[in-house]
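Please look through the sequence and the model shown here before reading on. The briefing that follows goes through it topic by topic.

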Amino acid sequence: MKTSKYWEEHFSRNLKVKRVNWTLQPSLTKDQKRKILRSLQAWQLAETSDGKHLIAASKKHAEQVNDPDFLSAVHLFIKEENKHGENLGIYLDRLNVSRIKADWGDSLFRQVRYFNTNMELWTLTVLTVENTAQVYYQSLKNATQCTLLKEICTDILIDEAFHINFQFERLAQITRNMSAFSRFWRLYAYWIFFFSTITMVYIAHRKVFRAGGINFNRYYSKMKLKFNKTIKRLFRPKSNVYLSKLKWEQIEL
Ligand SMILES: [Fe+2]
Ligand SMILES: [Fe+2]
């Protein structure tokens, strides 16, 4: 398992890497604009959260486990999410499409965040959303021929793969010393949470998923695979030794 210091350094380094060629201009067809833009506005908003509730939960957690570097890593993680929001925002600006201030999905998620000070629930929520984000941005990339948008999506996809590892490791650490019973019911509770969240994301952004060639069946099987590679992997039998046995290379999703 990587240390929080490792993640702090990774995020600091990655923030300096520029992967988007901003001399390009957006080029979307009328049909693509109709299918994509409303959804893009919602993701742009979601990526711009100031993360203050996540920071509060992380601060509490970092103190509990005596890992101050974790808090710095979370600050940089949020900065990276905000970079996604800013890149999508610039793209919308160039198309003269407004950046929205409210969206039902975002409002719902903000309500959940507001009441949530528990690091386990936070990590599960972020991990679930990151998994949907990977399929979403891949669909968005497939749904258009616009090179600028494709580059923005590629940049996000590279970042998200690391985000999933970062959150996965934290969840592994949080759950590793739990009793067999706690671990048993968690797998089912996590699955219910994961499945309901991913279904809501699909319904809200179905036009983009479909335009990118992902119908619900394909989406569901991809998400099930991701669940197995991340959350289910935490609750294997003989799980008390899973941390030492796991290879902590980047998870291929
Ligand atoms: Fe993001
Ligand atoms: Fe992310």
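Just after helix 4, asparagine 96 takes a positive phi of about 60°, where helices (H or I, at least four residues) and strands (E, at least two) are DSSP runs, numbered from the N terminus. This is a predicted model, in which local features need pLDDT of at least 70 and side-chain atom pairs count only at pLDDT 80 or more, while totals for chains, interfaces and linings use all residues. Residues are numbered from 1 along each chain as its sequence is written, and chains are lettered from A and ligands numbered from 1 in the order in which they are written.

**Overall make-up**

- The protein has twelve helices and zero strands, and from the N terminus on its elements run α-α-α-α-α-α-α-α-α-α-α-α.
- Buried residues make up 33% of the 253 residues in the protein; a residue is buried if 20 or more other C-beta atoms lie within 10 Å of its own, exposed if 12 or fewer, and partly exposed in between, with C-beta atoms placed from the backbone.
- Among contacts between residues at least 6 apart in sequence, 85% join residues at least 24 apart, where two residues are in contact if their C-beta atoms, placed from the backbone, lie within 7 Å.

- Helix 4 (residues 68-94) has 27 residues and reaches 40 Å from its first C-alpha to its last, close to the 39 Å expected at 1.5 Å a residue; the expected span is 1.5 Å times one less than the number of residues.
- The buried residues of helix 4 include Phe70, Phe77, Glu81, His84 and Tyr91, and among the elements that cover the buried residues of this helix are helix 1 (4-15), helix 2 (30-46), helix 3 (52-64) and helix 7 (147-175).
- Asparagine 66 is placed in the loop between helix 3 and helix 4, has a phi near 55°, a positive value in a residue other than glycine, and is exposed because it has 7 other C-beta atoms within 10 Å.
- Asparagine 96 lies in the loop between helix 4 and helix 5 (104-115), and counts as exposed because it has 6 C-beta neighbours inside 10 Å.

- Leaving aside neighbours within four places in sequence, leucine 140 is in contact with Ile36, Cys153, Val208 and Gly212.
- Lysine 35, found in helix 2, counts as buried because it has 21 C-beta neighbours inside 10 Å.
- Not counting residues up to four places away in sequence, lysine 35 touches Ala143, Lys207, Val208 and Ala211; lysine 35 and alanine 211 are 176 residues apart in sequence and 7.4 Å apart in space, C-alpha to C-alpha.

**Helix 8 against helix 10**

- The axes of helix 8 (residues 180-204) and helix 10 (residues 216-229) come within 11 Å and cross at roughly 145°, where axes are lines fitted to C-alpha atoms, for helices over the stretch in contact, and angles run from 0 to 180 degrees between N-to-C directions.
- Trp191, Phe194, Ile198 and Tyr202 in helix 8 meet Phe216, Tyr219, Met223 and Phe227 in helix 10.
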